[in-house]
Structures are given as structure tokens and as C-alpha cells.
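Reader: I want to learn to read helix packing. Where do we start?

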Amino acid sequence: MELLIDALHVLAACAWVGGSVTIVAVAVPYGRGLAPRERALMLAEIGRRWRPIGWSALALLVVTGIAAAAEHGGFADARFGRLLVAKVAVVGALLLVTGLHDFVVAPRLRRGLAAGKRPSRRATVALGWASLLLTLAAPVLGVALAAAVSGD
Ligand code: HEM
């Protein structure tokens, strides 16, 4: 059971991190060659298709992560517990920042552009980069947790 939980956790992390990095490393630079409206519409469409996959992967990460943490005694061990607090904080911030990006500011930007206005992109861009940073921090803490489990 422990192996299954860890395998699902790592596979879901691959899906979330891989998809997020692909959007930032491929779709965002491609969009820079387009006019602002086309760029926003292209990214909005990619986001619409990515969201069900990405949020399913995030949900699976939270469920399997909690199960893995419980298997290892939660906060009972001091070193593991400290790393777990850090990871839960990072993942909590990731869910908040990504939720605001995906469900509040990016749709507002898209609606503004569709209505022919020129809305600011600042909040959408800032939250997008913050989401990527937190996305990269979570697996680093995950590897540190796995090392704490094996006593390295
Ligand atoms: C509330 C959410 C989460 C919790 C409670 C959690 C907890 C854990 C725990 C306890 C481990 C160690 C598992 C073991 O060694 O048996 C782990 C490993 C890991 N986690 Fe998470 N995690 C969460 C979310 C995430 C997210 C969002 C990502 C990626 C973006 C992620 C990526 C990883 C990776 C890559 C490992 C390393 C696995 C290994 O090296 O064997 N986790 N996590």
C-alpha cells in the first residue's frame, strides 16, 4: 500500500510539474510573438484544457501526500515534522496562488480583452510566476521528506 501511495504521489507530481513547466517554457514564449489579445486568448484556451488535468493531479498530490505523511507518523518525528510543516505551507500557498490565478485574475483578464478593453496583465503574470516557483519548491521538500524517512 505504501508503495502504491508513493508511486501515485510521484506520478501526480510528474504530471503537475511537467505540465506547469511546459506551459511556462513553451506556450508563454510562443505567445510573446503574438499580439496581446491573441496571446491572452491562446493562453486562456491552453489554461481551459489544462485545468482539469492539473487540478486533478494537485488533488491526488494532496490526498496521497497526507496518506504518506500519516504512514510516517505525521509530526511525531522532529526533523520529518519540520519538513512537513514547510511542505504543507508551500502547498497551501501553491493552492491559493494558483486558484487566484486560474479562477479569478486570468478569467477577468480574458473577459476584459473579449469586451475590447485593455486590462492590466500584471496580477495574472505575477501570480503565474509565483505558482511556478512554489511548484518547483514542493518536490524539493518532497525529496527532503523522503530522505528524512530513509535516515539520510
Ligand atoms: C498537502 C500536500 C502534500 C503532502 C502532505 C506531501 C507529503 C509528502 C511526503 C510525506 C513525502 C515523502 C513520502 C515518502 O518518502 O514515503 C513526499 C514526497 C514527495 N512529494 Fe509530496 N506532499 C504534498 C504535495 C506535493 C506536491 C504538490 C508535489 C509536487 C509539486 C509533491 C512532490 C513530491 C515529490 C517529488 C516527492 C519525493 C518522492 C521521493 O523522492 O520518493 N508533493 N510528499
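Author: Two packed helices are described by the angle between their axes and the distance between the axes. Here, helix α2 (residues 36–71) packs on helix α3 (residues 78–114) at an angle of about 155°, and their axes are 11 Å apart. Axes are lines fitted to C-alpha atoms, for helices over the stretch in contact, and angles run from 0 to 180 degrees between N-to-C directions. That angle makes α2 roughly antiparallel to α3 (under 35 degrees counts as roughly parallel, over 145 as roughly antiparallel, 65 to 115 as roughly perpendicular, the rest as oblique).

Reader: What kind of model is this, and how are residues numbered?

Author: This is a predicted model: local features need pLDDT of at least 70, side-chain atom pairs count only at pLDDT 80 or more, and totals for chains, interfaces and linings use all residues. Numbering starts from 1 along each chain as its sequence is written.

Reader: Is the crossing of α2 and α3 left-handed or right-handed?

Author: A crossing is left-handed if the near helix is turned anticlockwise from the far one by less than a right angle, and right-handed if clockwise. α2 passes α3 in a left-handed crossing.

Reader: Which residues of α2 and α3 meet?

Author: Two residues are in contact if their C-beta atoms, placed from the backbone, lie within 7 Å. From α2, they include Ala40, Ala44, Gly47 and Leu58. From α3, they include Leu84, Val91, Leu95 and Ala106. The contact of α2 with α3 has 12 nonpolar, one polar and four charged residues. (Ala, Val, Leu, Ile, Met, Phe, Trp, Tyr, Cys and Pro count as nonpolar, Asp, Glu, Lys and Arg as charged, and the others, Gly among them, as polar.)

Reader: How do α1 and α4 cross?

Author: Their axes come within 10 Å and cross at roughly 150°. That makes α1 roughly antiparallel to α4. The crossing of α1 and α4 is left-handed. Ala13, Trp16, Val17, Ser20 and Val24 of α1 make the contact with Leu132, Thr135, Pro139 and Gly142 of α4. These residues divide into six nonpolar, three polar and no charged.

Reader: Which residues come nearest to the ligand?

Author: Of the 24 residues around the ligand, Gly65, Ala138, Pro139, Gly142 and Ala146 come nearest. (Near means a C-beta atom, placed from the backbone, within 6 Å.) α4 gives the most to this shell, with eight residues.

Reader: How many helices and strands are there?

Author: Four helices and zero strands. Helices (H or I, at least four residues) and strands (E, at least two) are DSSP runs, numbered from the N terminus.
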